[in-house]
Amino acid sequence: MSPPVREMRVGVVGAGLMGAEIAFVFALAGMDVLLHDRDPAALEAARARLRLLLERGLARGLYTEERHATAIERIRPAADLAAFADRDLATEAVFEALDVKREVLAALGEVCPETCVIASNTSTIPISTLGAALPADRRRNFLGTHYFSPVSRMRLVEIVPGFDTDPEIVGWTAAMLESAGKQPIVVKDVAGFAVNRMLHAMLIEAVKLVEEGVATPEDLDTACRLGLGHPIGPFALMDNVTSSLCLQVQALLQDSYGERFRPPALLKQRVAAGYAGGRSKPGWLRAPERISER
Ligand SMILES: NC(=O)c1ccc[n+]([C@@H]2O[C@H](COP(=O)([O-])OP(=O)(O)OC[C@H]3O[C@@H](n4cnc5c(N)ncnc54)[C@H](O)[C@@H]3O)[C@@H](O)[C@H]2O)c1
């Protein structure tokens, strides 16, 4: 397969929080992008959000008029997956549900050309389990590309090969991501991959420190920012991604690794009491810091 170039054609399925910004990242790099969602309103909302992101990025000097001003025009909405018949890379970022992802991957396997690399942005479903949705001869071109939110700001992508992924495809995908300004690392297909295992070990301990009355969430965030050099503290992070999502991930990690990932009782209690954070609920901090607005 030829090395990645600006003319690469990318397709993204799912125009939610992650998919929209994945499309944006490739469009910023000059690539031709198709964005599909089964909900036309999600496509509309994605375009409006990306326009704002672009404007803000241009105003802050993150992007330049010369290179990036036309990025949104390079993202074309696709009403039907049939439009993905000429793509070099197709990434799914639909709901985190095995049956939904299986259906989308099977459809991509049918419509995308044989050479197309098919990727999943799953956070929790094993890549080889998802690969089973594709015909056996397509699995060499299938892998996980796990992005981090907000995708346009977080440079890391975990590349997760499945049982059948061709190493050449891993290399191609890494080069493709690098040409879109990302820094990929290759990680084995284990529950939580690498980053979520490290992150949740810390989040669990942070909540336990509060449970034991050792320090307040505010002070522990300060400790992580000023003592460990983290850009954001664990409680601000939980308020952004929501404690309910953290609870879900920890339950899955506990299932794979046992007691060390048992979600703390206080986290369960707060979620059950409606203190999950996010845009609509109170969280750990009185004045949550929005990562997307930094
Ligand atoms: N949110 C995060 O911080 C984060 C981080 C890393 C990975 N992920 C993963 O990324 C994926 C997407 O997460 P999100 O937060 O963007 O979700 P989201 O709910 O914001 O967006 C999902 C989108 O997929 C669309 N969709 C659902 N089923 C579809 C189908 N069959 N065909 C086409 N479109 C469909 C929905 O309409 C929605 O717009 C999930 O697998 C999630 O685990 C999320």
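A search of the whole structure, which is a predicted model, finds three aromatic pairs, where a pair means that the ring centres of Phe, Tyr or Trp (its six-membered ring) lie within 6.5 Å, with planes under 30 degrees apart counted as stacked, over 60 as edge-to-face and the rest as tilted.

Another edge-to-face pair is that of F235 and W284, at 5.1 Å centre to centre and with 70 degrees between the planes. Here too distant parts of the chain are linked, with F235 in helix α9 (residues 234-241) and W284 in the segment after α11 (265-272), 49 residues apart, and both F235 and W284 are buried. The ring of W284 also has R270 over its face, at 4.5 Å from the ring centre, and R197 lies over the face of Y257 at 4.3 Å from the ring centre; a charge sits over a ring if NZ of Lys or CZ of Arg is within 6 Å of the ring centre and within 35 degrees of the ring normal.

Residues are numbered from 1 along each chain as its sequence is written. In this predicted model, local features need pLDDT of at least 70 and side-chain atom pairs count only at pLDDT 80 or more, whereas totals for chains, interfaces and linings use all residues, and side-chain values use heavy atoms, with hydrogens and water left out.

The ligand is surrounded by 23 residues, of which the closest are M18, D37, E96, K101 and S123, a residue being near if one of its heavy atoms lies within 4 Å. This shell divides into ten nonpolar, eight polar and five charged residues. Helix α1, helix α4 (98-111) and strand β6 (142-147) each supply at least two residues of the shell, and its largest share, three residues, comes from α4. Oxygen atoms of the ligand lie 2.8 Å from a polar side-chain atom of S123, 2.9 Å from an N or O atom in the side chain of N121 and 3.3 Å from a polar backbone atom of V94.

Polar contacts (pairs of N or O atoms within 3.5 Å; within protein, one must be able to donate a hydrogen and the other to accept it, and residues adjacent in sequence count only if both atoms are side-chain atoms) also occur inside the protein, where the side chain of S152 makes one with the side chain of E21 at 2.6 Å. S152 is located in the loop between β6 and β7 (156-161) and, at 16% relative accessibility, counts as buried. T173, in helix α6 (residues 167-179), is buried as well, with a relative accessible area of 2%, and its side chain reaches the backbone oxygen of I169 at 2.7 Å. A251, by contrast, lies in helix α10 (residues 243-257) and is partly exposed, with a relative accessible area of 39%.

Notes. Helices (H or I, at least four residues) and strands (E, at least two) are DSSP runs, numbered from the N terminus. Buried means under 20% relative accessible area, exposed over 50%, partly exposed in between (1.4 Å probe, protein chains only). Ala, Val, Leu, Ile, Met, Phe, Trp, Tyr, Cys and Pro count as nonpolar, Asp, Glu, Lys and Arg as charged, and the others, Gly among them, as polar.
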